[in-house]
Amino acid sequence: IAPAGGFAGLEEIGTTEGISLYKNSDVLSLLFPINDLAFNVMEEENVFKRLNAILNSVGEKSNVEAYSICGTDKGILDDIPDWQKRKENRVYLLNDGICSDEEKVATENTDIISEKMLEAQGIVKSVNVSGNSVIAFVDAKNTGYMCASILNDDGWNVYVDGKKIETGTVFGGMIAFPITAGYHEVKLIFLPKGLLVGTVTSVLAAGALLLMFIMERKKKNKNA
């Protein structure tokens, strides 16, 4: 979401009152394949190295570098718009060729990112979200892991071909689960924590009330 006409490289979906919604072709899908590097990504403190670590964690292991850093922290921070500053002494720029010995600048290789995202999205053949569940069909090239772009709350349960699967956490909080090579049905079902206990308690309470009602009726009939 941004001012209309603000992103020439992205597909504009709709505009109202000077604000547009854009489609980002590089965004990760709801489900995508990852490798075991994904479990350690958040340990990297440098923001640019972390972005590269995430990129190399998607799909098969690779050695790509979409972001690069050069120079020191001086010289350029006061010369660029505030929206380009991610953190103090860290700058994100799309255009190349401005690094010098007195500047610290990150440059992005969008081709690598796009290729990686397309590779990841090709594994997932369909995704259907309905109510508290997600049903997807995936064609995994290799035995490994899948990631769901969903926070790993205790209420989520993952089933692969009808069998419940143990889950883990990657990228600081998202759901991860193992998968074997081949075509699979993946179901993610959300049941709020405590829902089962609450339901059982309600049923037992209703049963107790019904039993008391029956006993009371029998008592009245006997007295009559």
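User: What makes E11 and E15 count as paired strands?

Analyst: Two strands pair if DSSP finds at least two bridges between them. E11 and E15 have six bridges, in the antiparallel sense, so they meet that rule. One spot to look at is leucine 151, which stands opposite methionine 174 in E15. As for the labels, helices (H or I, at least four residues) and strands (E, at least two) are DSSP runs, numbered from the N terminus. Keep in mind that this is a predicted model: local features need pLDDT of at least 70, side-chain atom pairs count only at pLDDT 80 or more, and totals for chains, interfaces and linings use all residues. Residues are numbered from 1 along each chain as its sequence is written, and side-chain values use heavy atoms, with hydrogens and water left out.

User: Why is E15 called largely enclosed?

Analyst: Buried means under 20% relative accessible area, exposed means over 50%, and partly exposed is in between (1.4 Å probe, protein chains only). Five of the six residues of E15 are buried, so the rest of the structure largely encloses this strand.

User: What makes a set of residues the largest nonpolar core here?

Analyst: A nonpolar core is a set of buried Ala, Val, Leu, Ile, Met, Phe, Trp, Tyr and Cys residues joined through side-chain atoms within 4.5 Å. The largest such set has 18 residues, and the ones with the most contacts inside it are Leu31, Met146, Ile175, Phe177, Val186 and Leu188. The elements giving two or more residues include strand E10 (133-140), strand E11 (144-151) and strand E15 (174-179). E10 gives the largest share, four residues. Contact means heavy atoms within 4.5 Å; leaving aside neighbours within four places in sequence, valine 186 is in contact with residues including Leu31, Val134, Tyr159 and Phe177. A second, separate core has eleven residues, among them Phe32, Ala38, Val58 and Ala120.

User: Why is the pair of phenylalanine 39 and tyrosine 145 called what it is?

Analyst: Rings of Phe, Tyr and Trp (its six-membered ring) pair if their centres lie within 6.5 Å; planes under 30 degrees apart count as stacked, over 60 as edge-to-face and the rest as tilted. These two rings are 5.1 Å apart, centre to centre, with 75 degrees between the planes, which is edge-to-face. Phenylalanine 39 lies in the loop between strand E4 (31-34) and helix H1 (47-57) and tyrosine 145 in strand E11, so the pair ties together parts that are 106 residues apart in sequence. With a relative accessible area of 34%, phenylalanine 39 is partly exposed, and tyrosine 145, at 32%, is partly exposed too.

User: And what makes phenylalanine 137 and tyrosine 183 a pair of their own kind?

Analyst: Their centres are 6.1 Å apart and their planes 20 degrees apart, so they count as stacked. Phenylalanine 137 is in strand E10 and tyrosine 183 in strand E16, 46 residues apart.

User: How do you know that E1, E2 and E3 make a sheet, and in which order?

Analyst: Look at the bridges. Two join strand E1 (residues 2-3) to E3, running antiparallel, and five join strand E2 (residues 11-16) to E3, also antiparallel. That gives an open sheet of three strands in the order E1-E3-E2. E1 and E2 stand at the edges with a single partner strand each, so one side of each has no neighbour in the sheet.

User: What makes residues 71-81 a stretch to treat separately?

Analyst: pLDDT is the predictor's confidence in each residue, from 0 to 100. It stays under 50 over residues 71-81, and it is below 50 over residues 86-92 too. The mean for the protein chain is 75, and 64% of its residues reach 70 or more.
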